[in-house]
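Subject: Model for your review

Hello,

Here is the model I said I would pass on. Please look through it before reading my notes below.

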Amino acid sequence: MVHGSPGAARAHEWGSSGKVIECVSPIDGRVLGVVPETSPSELPEVIARAQVAQRAWGALSFRERKQRLYALRAAVARRANELTDAICATTGKVRQEGIGEVFNVCDILSHYARNARRFIGDRRVPLRYLKHKQCTRSY
């Protein structure tokens with residue numbers, strides 16, 4: 001999105017088509033940065049990499065996931081001003097709204113870190129008419 005952002009380097013690993021998408025300011029129309037366009041032929045590779053990352057995340061314990069979500073929240077909080085600047089530049093929002101978006105992300109990360117076990121942990125499912133059977137939902 002913005003030149004020099006950490007994601008920009010990783011994005012260039014995909015966009016080999018040479019085409020780019022411009023990120024334009026809604027305030028004054030100037031180009032804020034460019035990102036490479038991912039071609040349809042690159043999608044299988046992108047999907048395969050996402051599946052590998054998902055398996056690695058799924059192999060983590062609840063405690064490890066919680067630690068990583070809290071670490072991400074801390075990183076977002078540390079870069080709150082930079083992220084707010086990017087939000088305001090790319091959406092036209094005023095600063096108060098932009099920082100609110102950043103705080104919302106921090107709140108959401110905290111929520112999922114605190115409740116991960118409840119959301120995806122094994123849970124017994126009541127079988128109303130089959131009291132002699134047991135059913136457990138697992139992810």
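Predicted model: local features only at pLDDT ≥ 70, side-chain atom pairs only at ≥ 80, totals over all residues.

Helix H3

Helix H3 covers residues 62–78. With 17 residues at 1.5 Å a residue, H3 should span 24 Å, and the 24 Å between its end C-alpha atoms agrees with that. Arg65, Leu69 and Val76 are the buried residues I would point to in H3. Viewed down the helix axis, the buried residues of H3 fall within an arc of 35°, so they line one face. An α-helix has 3.6 residues a turn, so residues three or four places apart point the same way. On the face of H3 turned away from the buried side sit Arg63 and Arg78, both exposed. The cover over the buried residues of H3 includes helix H2 (43–58), helix H4 (80–91) and helix H5 (95–120).

H3 against H5

The axes of H3 and H5 come within 9 Å and cross at roughly 175°. Since angles over 145 degrees count as roughly antiparallel, H3 and H5 are therefore roughly antiparallel to each other. From H3, the residues making the contact include Phe62, Leu69, Tyr70, Arg73 and Val76. From H5, they include Val102, Cys106, Leu109, Ser110, Ala113 and Ile120.

Ser110 lies in helix H5. Its relative accessibility is 8%, so Ser110 counts as buried, the cut-off being under 20%. Apart from neighbours within four places in sequence, Ser110 is in contact with Tyr70 and Arg73, and both of these belong to the H3 side of the contact between H3 and H5.

H4 against H5

The axes of H4 and H5 come within 8 Å, with a crossing angle of roughly 120°. H4 and H5 are therefore oblique to each other, and their crossing is right-handed. H4 contributes Ala80, Asn81, Leu83, Thr84, Asp85, Ile87 and Cys88 to the contact, while H5 contributes Arg95, Gly98, Ile99, Glu101 and Val102. Val102 is also listed in the contact between H3 and H5.

Which residues does Thr84 touch, not counting residues up to four places away in sequence? Thr84, found in helix H4, touches Arg95, Gly98, Ile99 and Val102. Thr84 is buried, with a relative accessible area of 0%.

Regards

How values were computed: Residues numbered from 1 in each chain as written. Heavy atoms only, no water. Helix = DSSP H or I, 4+ residues; strand = E, 2+ residues; numbered from the N terminus. Expected span 1.5 Å × (residues − 1). Buried < 20%, exposed > 50% of the residue type's maximum accessible area, 1.4 Å probe, protein only. Arc of directions from axis to C-beta. Contact = heavy atoms within 4.5 Å. Axes fitted to C-alpha atoms, helices over the stretch in contact; angles between N-to-C directions. Parallel < 35°, antiparallel > 145°, perpendicular 65-115°, else oblique. Left-handed = near helix turned anticlockwise from the far one by under 90°.
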